[in-house]
There are 4 protein chains.
Amino acid sequence: MGFNTFGTIFQVTTFGESHGPAIGAVIDGCPAGLPISLEEINRELRSRRPGHNPLTSPRNESDLCQILSGLFEGKTTGAPITLLIENKDADSSQYESIKHLLRPGHANFSYLEKYGIFDYRGGGRASARETAARVAAGAIAKALLTVEGIEICAYVTELGGVRGERPDWGNLGELKTRVQVSPVFCPDPKAAILMIQEIETVKEEGDSVGGIIEAVALHLPAGLGDPIYGKLEANLAAAMLSIPASKGFEIGAGFASARMKGSEHNDPFALDSEGRVITSTNFAGGTLGGISTGQPLYFQVPFKPTSSIKKRQMSVDLNQEVSPFQLPLQGRHDPCIAIRAVPVVEAMLALVLADALLANRLSKLKFSTV
Amino acid sequence: MGFNTFGTIFQVTTFGESHGPAIGAVIDGCPAGLPISLEEINRELRSRRPGHNPLTSPRNESDLCQILSGLFEGKTTGAPITLLIENKDADSSQYESIKHLLRPGHANFSYLEKYGIFDYRGGGRASARETAARVAAGAIAKALLTVEGIEICAYVTELGGVRGERPDWGNLGELKTRVQVSPVFCPDPKAAILMIQEIETVKEEGDSVGGIIEAVALHLPAGLGDPIYGKLEANLAAAMLSIPASKGFEIGAGFASARMKGSEHNDPFALDSEGRVITSTNFAGGTLGGISTGQPLYFQVPFKPTSSIKKRQMSVDLNQEVSPFQLPLQGRHDPCIAIRAVPVVEAMLALVLADALLANRLSKLKFSTV
Amino acid sequence: MGFNTFGTIFQVTTFGESHGPAIGAVIDGCPAGLPISLEEINRELRSRRPGHNPLTSPRNESDLCQILSGLFEGKTTGAPITLLIENKDADSSQYESIKHLLRPGHANFSYLEKYGIFDYRGGGRASARETAARVAAGAIAKALLTVEGIEICAYVTELGGVRGERPDWGNLGELKTRVQVSPVFCPDPKAAILMIQEIETVKEEGDSVGGIIEAVALHLPAGLGDPIYGKLEANLAAAMLSIPASKGFEIGAGFASARMKGSEHNDPFALDSEGRVITSTNFAGGTLGGISTGQPLYFQVPFKPTSSIKKRQMSVDLNQEVSPFQLPLQGRHDPCIAIRAVPVVEAMLALVLADALLANRLSKLKFSTV
Amino acid sequence: MGFNTFGTIFQVTTFGESHGPAIGAVIDGCPAGLPISLEEINRELRSRRPGHNPLTSPRNESDLCQILSGLFEGKTTGAPITLLIENKDADSSQYESIKHLLRPGHANFSYLEKYGIFDYRGGGRASARETAARVAAGAIAKALLTVEGIEICAYVTELGGVRGERPDWGNLGELKTRVQVSPVFCPDPKAAILMIQEIETVKEEGDSVGGIIEAVALHLPAGLGDPIYGKLEANLAAAMLSIPASKGFEIGAGFASARMKGSEHNDPFALDSEGRVITSTNFAGGTLGGISTGQPLYFQVPFKPTSSIKKRQMSVDLNQEVSPFQLPLQGRHDPCIAIRAVPVVEAMLALVLADALLANRLSKLKFSTV
């Protein structure tokens, strides 16, 4: 149970609605002694903040995080860490007039069927605003990864049909900088220009586009992930499909692997110059049997085009129930939700890996290393 | 924790290794009063049984299931249901000579790194043999779905690059029959012929091919699935990526949705002739906000080509550690694991839906229906 | 995992330290549609509030609760409910001088051994202040019990060796009033006078006393609770032993049952005037096989005397490590923690029953009632 | 959920009914590399076996355990360990005639109300037979404790009103031997004689008696147990109250602590000859704030008299529903269930400690020891 909790050891519970007083997260299971910087959390939050980017939604939230518990003298204590982000720029009035409308691509119908009640203001609990709490929690997971020497990066690899080239993962620091400075979080500058044009076009049309995010994790120790239902890729898939608007997941060669032969797809084992076991290709994407091999872990996640568009659409009004009519939506929305999802994909990846790192402490009778 | 357990309410724990005395499953959380037929479980098991199909592995297991607990006078009692399948045709001797070899595409290296120990006989716990226990458990989940009027079907939609046409879901009974009679579990007879040719070719070459499985669920009530981390597609994605050799997941339009515009992809709401809310298209694939809409739920899962091939491959021997050499594999293996995965995809789908059905009993203060 | 979470369906996660900015709770799993009154939550909080009672600690917290999420138009929505209580009267300065002292009966030594770090201010996470969050969450569980017609009450039955008479449970409304008006939460007025005298005596001596709390739940349906490890009494025992300073638990005749014969202790089944199955005695305390019988559920919980006393005690200073010396404690503390624990026992009982009520929706294939 | 599973990391799921083909346990979360001896498991099982002791039930089960999974070359692999015990001496015929009778002190009424169905043969899932699976699983937990140098022992301390003296815990090996050779598992030989007389008396009367079990764990490291809801005593209390017929739990001074003053009950901290922190008394019973102090952990558990007696009792027949009549019980039953519960208490203690040991690996950023 606990459908608002992610993770088995490093457990993150998020709470809050789009137009309630605040959203936030409680992290239970973070080891004691981890140095946490509030500034670092806020930096992560800024990267997903609405209003920060001319290509994304004009909602302007300062998104400053408070830490309510779990820290003492700058370090985690082993007690639950509570992160709180107030909702300041939430204007609910515009939703009043459309509260009986089933908005195409939105969750109000399915929530109403499930709960018999729906906080229609800005999507309520189903709003992507909830993901800000994930990004804040992800910043703490990243602090844990940093201690272990693991680096991660997510970026837009395709948008509105424009495909960027796969970047070099050799220098992840530089890659991260290139992603951060791109308004579309795309490290391929040529593709980025075309993506921006595409967004501007659909924005003018009152329409939206989809995109694909790729993420990579480097320097993972071999042995992360758990067998059967706790496979690293199973946890990653669940994490990614839990992000609003995501429609899929593939690891390594993914769907393309279905078109390969075994002799092509099998990554041959080899020894590197220091005698460590490696694979000379990496179609697997960094795991075998659901457990990390030490090779780069990489995967892709497609995002549908933003559901909220200004174009006329057909819909149903719950009151009248007979005459579908136009959706007069005036809200503040992103023409491409995939851009906004980049920090969320990175945060969820961090959560999955932090969890797997801690789970790995349990696998052997005696530890060789810590 | 509990990495060998799937589900939050309808919980299935599987156990057993490829070459141990038995595999099995314990189901905890099945409501009392559900009629269970052992014959039905065994029928499901036969459909994934090795040796049953000339195109799959020659391992010949009778795969008869025993029910050790949880039934009384043919009905579930609310107590845990234990299913046991003995391993009878397990020949471990052939694995002795390759026990120090890291088999490309297999999990022995990552398991060794994780556990410091590995039951190398036939893949041990990482073997696809474990999925027989899932199929048996899935038969019980299917009994629950049947009571609720829900129908499901999985089939091969692509194999070795050959793509079948999407079948008509209008008559699921007929579709299931067509899938069952096809040696490649493909309901498109023309594509099936080409797929069979493809398999025979790679078999002769000592190679293997990948494939894609599609699955559909009909007559789901609206409101199934849970918010945030318990989204129906998140649970399905985790379920599918937990199947050995699967490399991805997509729901509805999936990766293709990333190339669509919002005005194309948004499924307009409408009313059917009886005044019920429907959507006139279904690019979403049956959920909105992670919760079912009542439209058909459908998704695809790619499977890599079987890792065990007869062709020469490069590898590493753990003893010598310096000279990679050929893998002299003589075992019994499938040229296309995707075929064998069809009943497993169906079983995992049944488990996810049974769990969601039970979780739905908890969402409202008062029930309107039961 | 999730050691700060209680419950399997109605899950309460508490957070916060004694001297941090706030404490609170997130409730995940409460059904949608439950009317919640903030005033009711605050009323519950007042009954455990320090400074409210001359016989308890002088710490003066207004303990007003805010609801940050999960409510819409006065009803629960199915989303997580977040309750926040600010810490306003926390004075940490007094703890500075004793931060290296191992305080007898306190958790600083064991926490330090576990975490290598300890927020020594007022007991940090180990402080009884955390129980305010439980009381707030318990108020929401009580709202659920009220809908189902279940009534509960906890009270002091023994204090400093003075034993009160077991009250009549026939009129629970009146009993609750008598408990609320007693400064020692004891419904037996004669015993209460002696208890007050006992507290005043030990207070003057700079000492403290222990006590025993009894609790009862009426109008439970038969069938609540789960088999084996989810027995109602197992969950209650865990709940009660999770309260700071509690040292035990007994249900029904409890320890005394060990001195009875089967022919005495077995509660004979009978039929009431309306033909319903009852038992003519109730030594069992309301359950059989861990599942409710419909008879009154009752149990007792002993609390040790408050650890913080003004008397001279031997201890160890972590800095010097050789010379134990006197603990110069000036803080604000209760001479009898058992009194303060009464609302907490009631809250934990409410949480256990709310959880069991929801779990009961899962036990049968079809519901006869809802 | 998972009401048939105990533990958060070292998770034991038991299955099986009294008169089904088998009972057993699946252990998920045991670290790889632990040597397991089947003979040791069977030795544990013999100590709780019916028919082994003239003072207990004449049911004669060989209770030999099979290990179906999770072991390779004598060591655990990290995969789930499955233990199976066949039911061989189960005679269901005698239950046919009383299948509509509500047996006083038994769970058939409450199970029927919960599930609408009940496997009446020998108590079905509610039978104490299930505890054999716990004892088998406990043997594996004990192997883990042994590696860590932790010793545990449980024994009868009171029976039918006869109280034994608390034994010396200094030599636990000798104590365990004295417990094993006593027909009533009581290490005080004088008390044991009186206890045996008491049992023989009630047996002749067709009646039964209750008893109290005490258990102790030595050489626990400080820091075991988790805060708030994962307190060592909360987990122990849940474990003990999950055992059939147990009616309570107390740790350390327990209920007696409610009659002590703080100056008496507080255990003063001191330093031992090697400079380690100890407490000079141990009324707390080995924990502070729910976390172990390194002092002996000890607790008591009362058991009600066996419910199945030969004396005439009043009851209700579900068919006739009007005329209560005599229960003509002919089954094989124990005059004192507390004796049979000794190995079960020990097993559950082992499970709680194994779980806490593993959880402790997660508390700090870096390990000082492993």
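Analyst: The account starts with the contacts between chains and then turns to single elements.

The model is a predicted one, in which local features require pLDDT of at least 70 and side-chain atom pairs count only at pLDDT 80 or more, whereas totals for chains, interfaces and linings use all residues. Residues are numbered from 1 along each chain as its sequence is written, while chains are lettered from A and ligands numbered from 1 in the order in which they are written.

The contact of chain B with chain A involves 95 residues of chain B and 95 residues of chain A; two residues are in contact if their C-beta atoms, placed from the backbone, lie within 7 Å. On the side of chain B that touches chain A, 42 residues are nonpolar, 35 polar and 18 charged. In this classification Ala, Val, Leu, Ile, Met, Phe, Trp, Tyr, Cys and Pro are nonpolar, Asp, Glu, Lys and Arg are charged, and the others, Gly among them, are polar.

Strands also join these two chains: β12 (residues 248-251) of chain A and β12 (residues 248-251) of chain B run antiparallel and are linked by three bridges. Helices (H or I, at least four residues) and strands (E, at least two) are DSSP runs, numbered from the N terminus, and two strands pair if DSSP finds at least two bridges between them. Across this pairing, A:Phe249 stands opposite B:Phe249.

B:Ser257 lies in the loop between β12 and α8 (262-265) of chain B. B:Ser257 has 26 other C-beta atoms within 10 Å and is therefore buried. The cut-offs are 20 or more other C-beta atoms within 10 Å of the residue's own for buried, 12 or fewer for exposed, and partly exposed in between, with C-beta atoms placed from the backbone. Leaving aside residues up to four places away in sequence, B:Ser257 touches A:Gly210, A:Lys247, A:Pro302 and A:Lys304 in chain A, and B:Gly252, B:His265 and B:Phe283 in chain B. By contrast, the C-alpha atom of B:Glu174, 83 residues away along the chain, is 30 Å from that of B:Ser257.

The contact of chain A with chain D comprises 20 residues of chain A and 20 residues of chain D. On its chain A side there are 13 nonpolar, four polar and three charged residues.

Helix α3 (residues 108-115) of chain C has seven of its eight residues buried, including C:Phe109, C:Tyr111 and C:Tyr115. The cover over these buried residues includes β8 (101-102) of chain C, together with β13 (269-271), β14 (277-279), β15 (287-288) and β16 (291-292) of chain D. Just after α3(C), C:Gly116 adopts a positive phi of about 75°.

In chain D, ten of the ten residues of helix α7 (residues 232-241) are buried, so this helix is largely enclosed by the rest of the structure.

Within chain A, eight of the nine residues of strand β9 (residues 151-159) are buried. β9(A) runs antiparallel to strand β11 (residues 211-218) of chain A, with eight bridges, and A:Leu159 stands opposite A:Gly211 there. β9(A) is also joined by two bridges to strand β10 (residues 162-163) of chain A, again antiparallel, where A:Leu159 stands opposite A:Val162. Two residues separate the strands of this hairpin, in which A:Gly160 takes a positive phi near 55°.

β1(B) pairs with β2 (residues 11-15) of chain B over two bridges, and B:Thr5 stands opposite B:Thr13.
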